[in-house]
Amino acid sequence: MTFPAWADCGDCAAIVRRFVAEEGFNGVVLVGRGSHVDYSAGFGVADAATDRALTADTPFESGSISKWIAAIVVMRLVQQGQLALDEPISTYLPDYRRDNGDKLTLRNLMTHASGLPNDMDDAIKRDPATRTLSIDQAEAVRRFASGDLRFEPGTEWDYSHSNWLLVKAIVERTTGRDYASLVDGYIVRPLAMRHSGTFSGPSLAVPGMAHGYRKLTPQAEPLDKPSPNFMMLAGGFYASANDLFTLANGLFSGKVLSPESMRILMTVERPAQHYALGGRTKTLSFGGKEHPVAWEYGSNGGFRMLVWRTIDDGHTVILMNNTSFDHMKIGGLATALMEASYR
């Protein structure tokens with residue numbers, strides 16, 4: 001897609017400076033259009049103990065944006081004929097309980113319309129040490145993704161992390177490859193994303209990773225929540241702001257998926273929640289016009305991350321925070337910056 005010449009977002013710097021001064025925002029901001037970064041800046045620290053500064057190349061945990069990454073990988077496998085969205089998952093996991101497996105599909109799982117109870121989150125609430133478990137995917141599915149269905153698949157919506165344990169099991173069994181290598185091979189390396197990838201366990205094992213905090217003042221309080229390998233699709237992707245911009249531009253310019261695969265990826269399946277496959281597509285008004293927007297938000301521990309990309313004309317806003325910042329205020333800043341990018 002080719003975009004016409006446009007004026008730089010002259011208001012962006014002033015909007016962000018005021019927001020940082022008034023709200024004490026600690027994070028990274030990037031605004032762009034197409035392949036052009038108009039404005040990017042880091043504010044505050046990645047590591048309070050060393051005063052290491054945040055930059056647009058600092059990796060952050062992406063939280064539930066990981067689900068969108070997983071959906072991109074699945075659509076690549078669908079495109080290659082290795083998976084089908086509407087095939088019963090017992091086709092791919094013949095050892096999974098048959099009564100559920102014959103009803104559930106990848107589409108059900110990836111749109112949170114499976115009826116599978118959220119046993120994963122319930123287990124973590126009962127015992128936070130569940131996050132540090134070292135078990136294989138089959139055992140994780142047995143423990144946390146094999147419950148009785150709460151409703152008939154496709155009839156309701158329930159945000160269940162257990163869905164993504166099954167998706168990981170399907171992807172890895174079908175391809176014979178670990179999920180991390182698929183993300184690297186289909187997304188990270190082809191797009192030359194230099195500060196992105198998957199992690200399991202504490203994310204601080206990733207070189208240069210921002211630390212997560214409950215708050216920074218009057219004294220820094222770390223807030224890190226490990227993500228086990230079996231939950232990698234639900235929250236185990238990390239990226240920098242520059243890399244997320246590269247991803248958005250590469251994805252929507254056809255470098256990762258075919259036009260038909262992109263159409264399926266972005267088509268809303270659950271209208272009340274604006275939920276497509278692993279992420280949301282919303283219609284929002286900017287610059288006096290309504291735009292379809294790839295609307296991605298993620299959080300884990302102290303991390304907050306937002307990526308908005310207008311699908312019709314390629315305006316992008318990326319916001320990243322590592323101090324448990326109010327997500328509503330992050331949304332307000334994103335709205336102001338997206339509006340400013342049209343002036």
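These are legends for close-up views of one predicted model. Residues are numbered from 1 along each chain as its sequence is written, and side-chain values use heavy atoms, with hydrogens and water left out. Because the model is predicted, local features need pLDDT of at least 70 and side-chain atom pairs count only at pLDDT 80 or more, while totals for chains, interfaces and linings use all residues.

**Figure 1. The largest cavity is lined by six nonpolar residues.**
Rolling a probe the size of a water molecule over the atoms shows where empty space is left. On a 1 Å grid over the protein atoms alone, a cavity is a set of points where a 1.4 Å probe fits but cannot get out, and lining residues have an atom within 4 Å of a point. Grid points are joined across faces, edges and corners, and a volume is the space filled by probe spheres set on the points. A search of the whole structure turns up one cavity of 30 Å³ or more, and the largest cavity holds about 40 Å³. Its lining is made of Ile 65, Trp 68, Leu 244, Leu 247, Ala 248 and Val 307. Helices α2 (65-79) and α10 (241-252) each give at least two lining residues, with the largest share, three residues, coming from α10. As for those labels, helices (H or I, at least four residues) and strands (E, at least two) are DSSP runs, numbered from the N terminus.

**Figure 2. Strand β12 (residues 303-310) is buried at eight of its eight residues.**
Buried means under 20% relative accessible area, exposed over 50%, and partly exposed in between (1.4 Å probe, protein chains only). Phe 303, Met 305, Val 307 and Arg 309 point one way from β12, while Arg 304, Leu 306, Trp 308 and Thr 310 point the other way.

**Figure 3. β12 pairs with β11 (residues 289-300) and with β13 (residues 315-321).**
Two strands pair if DSSP finds at least two bridges between them. Eight bridges join β11 to β12, running antiparallel, and Tyr 297 has Leu 306 as its bridge partner in β12. The hairpin of β11 and β12 has two residues between the strands, and Gly 301 in the turn has a positive phi of about 55 degrees. On to β13: six bridges link it to β12, again antiparallel, and Trp 308 is partnered by Val 317. That hairpin has four residues between its strands, with Gly 314 at a positive phi near 75 degrees.

**Figure 4. The largest pocket has a volume of about 510 Å³.**
A pocket is an open set of grid points with protein on both sides within 12 Å along at least five of seven lines. Of the 27 lining residues, the closest to the centre are Gly 63, Ser 64, His 161, Ser 299 and Asn 300. By class, the lining divides into nine nonpolar, 11 polar and seven charged residues. Strand β11 gives the largest share, six residues, and α5 and α9 (232-235) each supply at least two.

**Figure 5. Helix α6 (residues 137-144) has a buried side and an exposed face.**
Gln 137, Ala 140, Val 141 and Phe 144 are the buried residues of α6. They cover an arc of only 100 degrees around the axis, so they sit on the same side of α6; the arc is that of the directions from the helix axis to the C-beta atoms. An α-helix has 3.6 residues a turn, so residues three or four places apart point the same way. The face turned away carries the exposed residues Ala 138 and Arg 142. The buried residues pack against α5 (119-126) and α7 (162-175).

**Figure 6. Val 141 of α6 also lines the second largest pocket.**
At 7% relative accessibility, Val 141 counts as buried. Leaving aside neighbours within four places in sequence, Val 141 is in contact (heavy atoms within 4.5 Å) with Tyr 96, Ser 146, Leu 165, Leu 166 and Ala 169.

Methods: Ala, Val, Leu, Ile, Met, Phe, Trp, Tyr, Cys and Pro count as nonpolar, Asp, Glu, Lys and Arg as charged, and the others, Gly among them, as polar.
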